[in-house]
Amino acid sequence: MKALVYQGPGKKALEDRPKPEIKAPGDAIVKIVKTTICGTDLHILKGDVATCAPGRILGHEGVGVIDSVGAGVIAFKPGDRVLISCISACGKCDYCRRGMYSHCTTGGWILGNEIDGTQAEYVRTPHADTSLYPIPAGADEEALVMLSDILPTGFECGVLNGKVAPGSSVAIVGAGPIGLAALLTAQFYSPAEIIMIDLDDGRLGIARQFGATQTVNSTDGKAAEAVKALTGGIGVDTAIEAVGIPATFLICEDIVAPGGVIANIGVHGVKVDLHLERLWSQNITITTRLVDTVTTPMLLKTVQSKKIDPTRLITHRFALDQILDAYDTFARAADTNALKVIISA
């Protein structure tokens, strides 16, 4: 089968690989129909994710059709159409029982990280019964790809951890796909103001279309001053970091109001300074999280009822044999205006 393989920092290739086989009774082999590229894949290619070794097939998102199942799988059978969660969960360990599927002792974020992932014609998914979701009849498969990762990530790590509430003020630093997913789902809670901060005017324009009440271009280095001006000098109740670099986390530190929350979503590959000399007395909370996908069933219903349309995040489409072009397009988003790309296997 064809597969996109990580070959070390800065290196990747489309290779021929053997079709995966069942290794454990709870496994399923899924024939990929549609997948995508995540910002986390770009972090892997930069060398930011030490757990992902060269030779790994990348990708942790997608929808497909069950090809075969292990003897222990009872919820799915060959031919079933499924949504693949980016998080594999056994459902039995202590972390899973606490709803922290991302820390499952035999799962978590392993697809495209510790085991081969979804940017291929087939993928082996461990713990299939508790890591796959049946696709409802008539569902838009491209929309559901957004439910593999970015929609629950933006919602859980940004909106829920950030304690977004009716009438509150929210700033999202980073108008990429994850930041926009946080923007879409923050509106479930009717905040009074959602300020989107980014370097790219094109993405800020999209953010306004998606519901941002204010936008700030941070190119001049004065984003914090602009946010303070928009909030009467107070700052925001929730500052969501959706990039994963020191500069954007610093903006969050500069704009969070007393009693507020900094909710980190971004994947950080280098150290970030925490300015406790300014923040120690401000009653703020800083949260970190890897998505647990505990909200995926709810989000699936929300998408099916048309309360939210994640296909608005899709800008480009490619075939699997064009995946190197897809990576180039996704990585050069400032030039290509790419948000999420769909790859059809």
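These notebook entries record what I looked up in a predicted model of the structure.

**Entry 1. The sheet.** I began with the strand order. The model holds an open sheet of six strands, arranged E10-E9-E8-E11-E12-E13 and paired in parallel. I then looked for its edges. E10 and strand E13 (285-287) each have a single partner strand, so one side of each is left without a neighbour in the sheet. From one strand to the next, I noted an average twist of 15°. As background to the pairings below, strands of a sheet pair through backbone hydrogen bonds, either parallel or antiparallel.

**Entry 2. Strand E8.** I asked how many residues of strand E8 (residues 169-173) are buried. The count is five of five, and I recorded the strand as mostly covered. I next separated the two faces. Ser169, Ala171 and Val173 lie on one side, Val170 and Ile172 on the other, and all are buried, which leaves both faces of E8 covered.

I then followed E8 to its partners. With strand E9 (residues 193-198), E8 pairs in the parallel sense over five bridges. Within that pairing, I found Ile197 of E9 as the bridge partner of Val173. Between E8 and E9 the chain passes through helix H6 (residues 177-186), and I recorded this β-α-β crossover as right-handed. With strand E11 (residues 236-241), E8 runs parallel and is joined by four bridges. Here I found Val170 opposite Thr238 of E11.

**Entry 3. Strands E11 and E12, and helix H9.** I continued from E11 to strand E12 (residues 256-264), and found parallel pairing over five bridges. Val236 faces Val256 of E12 in this pairing. I then examined helix H9 (residues 246-255), which packs on the sheet and touches E8, E9, E11, E12 and E13. The direction of H9 makes about 155° with that of E12.

**Entry 4. Helices H8 and H9.** Two packed helices are described by the angle between their axes and the distance between the axes. For H8 and H9, I noted an angle of about 30° and axes 9 Å apart. The crossing of H8 past H9 is right-handed. I listed the residues that meet: Ala223, Ala224, Val227 and Lys228 from H8, and Ile251, Asp254 and Ile255 from H9.

**Entry 5. Ser218.** Where does Ser218 lie? I placed Ser218 in the loop between strand E10 (214-217) and helix H8 (223-230). Is Ser218 buried or exposed? Its relative accessibility is 14%, and because the limit for a buried residue is under 20%, Ser218 counts as buried. Setting aside neighbours within four places in sequence, I found Ser218 in contact with Ile197, Asp198, Leu199, Ala223 and Ile251.

**Entry 6. Gly205.** I located Gly205 in helix H7 (residues 201-210). With a relative accessible area of 15%, Gly205 is buried. I also checked its separation from Thr215, which is 10 residues away along the chain: the two C-alpha atoms are 8.2 Å apart.

**Entry 7. Helix H12.** Which residues of helix H12 (residues 323-331) are buried? I listed Ile323, Ala326, Tyr327, Thr329 and Phe330. These residues cover an arc of only 165° around the axis, which puts them on the same side of H12.

Key: Residues are numbered from 1 along each chain as its sequence is written. This is a predicted model: local features need pLDDT of at least 70, side-chain atom pairs count only at pLDDT 80 or more; totals for chains, interfaces and linings use all residues. Side-chain values use heavy atoms; hydrogens and water are left out. Helices (H or I, at least four residues) and strands (E, at least two) are DSSP runs, numbered from the N terminus. Buried means under 20% relative accessible area, exposed over 50%, partly exposed in between (1.4 Å probe, protein chains only). Contact means heavy atoms within 4.5 Å. Two strands pair if DSSP finds at least two bridges between them. A crossover is right-handed if, with the strands pointing away from the viewer, the path from the first strand over the helix to the second runs clockwise. The arc is that of the directions from the helix axis to the C-beta atoms. Axes are lines fitted to C-alpha atoms, for helices over the stretch in contact, and angles run from 0 to 180 degrees between N-to-C directions. A crossing is left-handed if the near helix is turned anticlockwise from the far one by less than a right angle, and right-handed if clockwise.
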